[in-house]
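Please keep the sequence and the structure in view while reading.

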Amino acid sequence: MPAGRLAGLGATTHVHHGLLAMSSPPSIAPVIEVNDLRTYFHTPAGTARAVDGVSFRVAPKRTLGLVGESGCGKSVTARSIMRLVRPPGRIETGSILYRRGEDTIELAKLDPHGHEMRSIRGREIAMIFQEPMTSLNPVFTIGDQIIEGIRLHFGSSYAEARARAIEMLDAVAIPAPHQRVDDYPHQLSGGMRQRAMIAMALSCNPAVLIADEPTTALDVTIQAQVIELMRELQQELSASIIFITHDLGVVAGIADDVIVMYLGEVVEQAPVRDIFRDPKHPYSQGLMSSLPSPTQPRKTRLSVIEGGVPDPFALPRGCRFHPRCPHVIDICREKAPTLTEVSAEHRVACHLHEPESA
Amino acid sequence: MTSLLEVRNLTKTFDVRKGFAQRLAGSVRAVDDISFSVEDGETLSLVGESGCGKTTTGRALLRLVQPDSGQILFKSQRLAPKGEAYRQVDIAAATPAELKALRREIQVIFQDPFSSLNPRMTVGEVVAEPLEVQEFGARSEHPARVAMLLESVGLSANDSKRYPHEFSGGQRQRIGIARALALEPRLIVADEPVSALDASIQAQILNLMLDLQEQRGLAFVFIAHDLAVVRHISDRIAVMYLGRLVEVADTDTLFGNPRHPYTEALMDAVPVPDPDRQRSKMPGLGGDVPSATNPPSGCHFHPRCRYAEEVCKTDTPPLESSGADHFVACHLADSLELQPFDSGGSSQPIRGRQ
């Protein structure tokens with residue numbers, strides 16, 4: 001990769017100072033601001049608090065990585081922003097602010113089926129899903145599916161929209177886009193399908209792109225290509241990205257800032273270097289050290305996080321991580337920790353890092 | 001010395017049928033003339049991307065698919081003639097009775113812990129079933145043996161009365177491992193056993209497999225695509241591409257001195273959990289894995305290979321020795337300077353407190 005882009009990444013870092021820090025006024029207004037979001041699923045078996053008091057901001061042109069294990073609420077957070085949560089799921093409280101120039105739109109208050117949300121969804125906030133085979137319609141060509149969105153949002157003529165679709169397929173490095181535009185999804189390989197999904201998501205030039213595990217179903221060499229492509233497109237299109245993944249290696253490669261979620265809550269948020277060099281939360285530390293490291297002798301025991309993720313209908317009292325935490329102290333069993341700033345832009349929800357318990 | 005398992009020139013072709021009339025449209029050489037061996041107590045990993053034939057190879061070892069040609073020689077103790085320690089049995093040509101006997105010595109762990117356990121059977125029944133089928137010991141001793149097996153994989157004896165749906169993915173994989181261990185096999189084929197699991201659970205299962213190997217002297221054929229995991233648990237690694245072996249070596253040699261361009265590209269594509277290293281990599285591998293129905297001529301890898309020359313387009317490179325216990329199928333193996341896996345992390349700690 002050219003050194004120029006690395007220098008560019010470094011140069012934007014200082015601009016971003018204070019954006020994640022809720023206490024200080026941000027220098028640039030975030031595009032997305034989520035405050036105390038709670039999305040619950042009311043089922044006969046009880047209420048699952050899938051997202052439970054999540055707050056974060058996404059700055060313009062930045063990539064926020066959302067990591068955590070299955071059931072931590074990262075996908076439900078994304079679907080809440082897109083207003084795609086289906087019953088029995090419901091946004092209970094909290095706000096999702098989307099900034100368009102001078103306007104601020106409260107997405108959480110919009111009717112998910114209403115005109116305004118439909119004009120934002122796909123046009124201004126677009127989403128890429130994990131499995132391109134199930135999120136593309138098998139009976140329409142990929143061209144038709146991209147054209148549909150462009151015509152819907154811009155009212156373009158068919159010919160204009162088709163030209164734009166071909167241009168987008170070219171931008172995501174699909175070979176022979178003039179021919180591929182008339183292919184059906186099954187005629188494309190997995191990597192090509194995911195590129196077509198990205199082309200569709202970016203065809204309306206959205207301000208925010210939400211990517212939910214976009215490379216998880218792909219082979220490693222194809223995954224590397226798609227990540228490289230997303231990095232390049234972000235530079236060109238100046239979109240903000242929310243990148244959801246369970247793979248710490250992937251997030252290290254693409255995110256500027258990282259949020260670690262556990263059982264519906266944010267346990268740590270920090271710039272990407274801080275989270276990898278100096279994870280503060282015992283859960284983040286556990287996740288990092290459970291990966292097989294190239295520096296660890298082969299065939300030796302990996303360090304593990306003991307136990308499993310608890311039942312979402314019977315969440316532990318106090319800190320939700322306490323039954324698995326190697327550093328648990330009395331207060332963890334009683335009182336939930338709050339997200340506290342430990343250094344610039346680095347916030348962690350752990351009693352060990354709260355000033356009063358230190 | 002005779003290897004525990006010796007695979008010679010294994011080939012498996014699948015017919016491809018198309019359309020309403022299921023007309024024969026071609027064939028896929030899922031496994032194309034591959035040979036390798038596995039020693040007692042060692043872990044050999046088969047790695048490669050989807051469609052490379054690693055799963056078909058694993059299934060052929062169990063004869064869950066019938067190979068077209070080649071031999072799969074297993075050093076069987078149960079089928080040894082009187083007075084002998086073992087007999088080499090060709091799994092590819094074994095009779096049904098021989099196969100049943102071999103099931104005691106070779107077992108399998110599947111990828112998906114949700115679909116590989118019968119939802120209508122209790123965990124106790126799942127683990128006891130191989131004991132009953134094989135009439136292993138006295139039936140009255142089975143419950144005690146099931147309890148012992150569950151405990152050895154980190155579950156409790158009381159779990160035997162529960163049903164698979166009551167368990168998480170990691171616990172179900174433990175049940176699958178207990179079932180595989182029930183007959184005290186010497187070789188376990190593990191097909192992507194941890195790829196469906198979350199990171200923290202994956203480490204638990206890998207530790208369990210390492211412990212069991214140490215306690216029982218098990219050999220594993222470990223089929224996986226995650227090179228970080230593979231590097232950690234393997235003694236030797238075989239890299240596959242479009243049905244062929246491209247490189248076989250012991251783990252340290254493969255990572256420290258790869259000789260095949262595909263191995264180099266595969267190692268470079270691994271997402272490393274280090275933000276600084278990730279963004280300063282060489283340009284990745286272009287193109288897609290070609291269709292296996294119509295593989296490229298010569299070396300299958302040549303259209304994606306940055307080093308390819310004319311000879312690569314026409315001639316298939318044989319798998320040849322390239323140093324002690326190191327085999328490579330590349331025309332240019334001796335002239336290329338390839339990047340070893342960047343182990344990194346030597347100067348700065350990048351991991352959390354251990």
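## Chain B as a whole

Among the contacts in chain B between residues at least 6 apart in sequence, 63% join residues at least 24 apart, where two residues are in contact if their C-beta atoms, placed from the backbone, lie within 7 Å. The structure is a predicted model, in which local features need pLDDT of at least 70 and side-chain atom pairs count only at pLDDT 80 or more, while totals for chains, interfaces and linings use all residues. Residues are numbered from 1 along each chain as its sequence is written, and chains are lettered from A, and ligands numbered from 1, in the order in which they are written.

Chain B has eleven helices and twelve strands; helices (H or I, at least four residues) and strands (E, at least two) are DSSP runs numbered from the N terminus. Its C-alpha trace spans about 65 × 55 × 50 Å along the principal axes. With 354 residues, a compact globule would have a radius of gyration near 20 Å, and the 22 Å of chain B agrees with this; the radius is taken over C-alpha atoms, and the globule rule is 2.2 Å times the number of residues to the power 0.38. Of the 354 residues of chain B, 47% count as buried, a term that requires 20 or more other C-beta atoms within 10 Å of the residue's own, whereas exposed means 12 or fewer and partly exposed lies in between, with C-beta atoms placed from the backbone.

Strand S9 (residues 236-241) of chain B is mostly covered, since six of its six residues are buried. In a regular strand the side chains alternate between the two faces of the sheet. In S9(B), Arg236(B), Ala238(B) and Met240(B) lie on one side and Ile237(B), Val239(B) and Tyr241(B) on the other, and all are buried.

Strands pair here if DSSP finds at least two bridges between them. Strand S3 (residues 43-47) of chain B pairs with S9(B) in the parallel sense over four bridges, with Leu44(B) opposite Arg236(B). Strand S10 (residues 244-250) of chain B pairs with S9(B) in the antiparallel sense over six bridges, and here Val239(B) stands opposite Glu247(B). S9(B) and S10(B) form a hairpin with two residues between them, and Leu242(B) in the turn has a positive phi of about 45°.

## Strand S7 of chain B and a crossover

In S7 (187-191) of chain B, five of the five residues are buried: Leu187(B), Val189(B) and Asp191(B) point one way, and Ile188(B) and Ala190(B) the other. Strand S6 (residues 106-109) of chain B runs parallel to S7(B) and is joined to it by four bridges, with Ile106(B) opposite Leu187(B).

Five bridges join S7(B) to strand S8 (residues 219-224) of chain B, also in parallel, and the bridge partner of Ala190(B) in S8(B) is Phe222(B). From S7(B) the chain crosses through helix H6 (residues 199-216) of chain B to S8(B) in a right-handed β-α-β crossover, meaning that, with the strands pointing away from the viewer, the path from the first strand over the helix to the second runs clockwise.

## An enclosed helix and the contact between chains

Nine of the nine residues of helix H9 (residues 261-269) of chain B are buried, so this helix is largely enclosed by the rest of the structure. The buried residues, among them Tyr262(B), Glu264(B) and Asp268(B), pack against H9 of chain A together with helix H7 (227-233), S9, S10 and helix H8 (251-256) of chain B.

Between the chains, 47 residues of chain A are in contact with 47 residues of chain B. The elements giving two or more residues to the side of chain A that touches chain B are helices H8 (190-202), H9 (220-237), H10 (248-254), H11 (272-277) and H12 (282-289) of chain A, and H9(A) gives the most, with seven residues. By class, this side has 20 nonpolar, 18 polar and nine charged residues, where Ala, Val, Leu, Ile, Met, Phe, Trp, Tyr, Cys and Pro count as nonpolar, Asp, Glu, Lys and Arg as charged, and the others, Gly among them, as polar.

## Backbone details in loops

The peptide bond from Pro87(A) to Pro88(A) is cis, with omega near 10°, and Pro88(A) lies in the loop between helix H2 (74-81) and strand S4 (89-100) of chain A.

Glu213(A), in the loop between strand S7 (208-212) and H9 of chain A, has a phi near 50°, a positive value in a residue other than glycine, and is partly exposed, with 19 other C-beta atoms within 10 Å. Glu184(B), in the loop between helix H5 (169-181) and S7 of chain B, has a positive phi near 55° and is exposed, with 11 other C-beta atoms within 10 Å.
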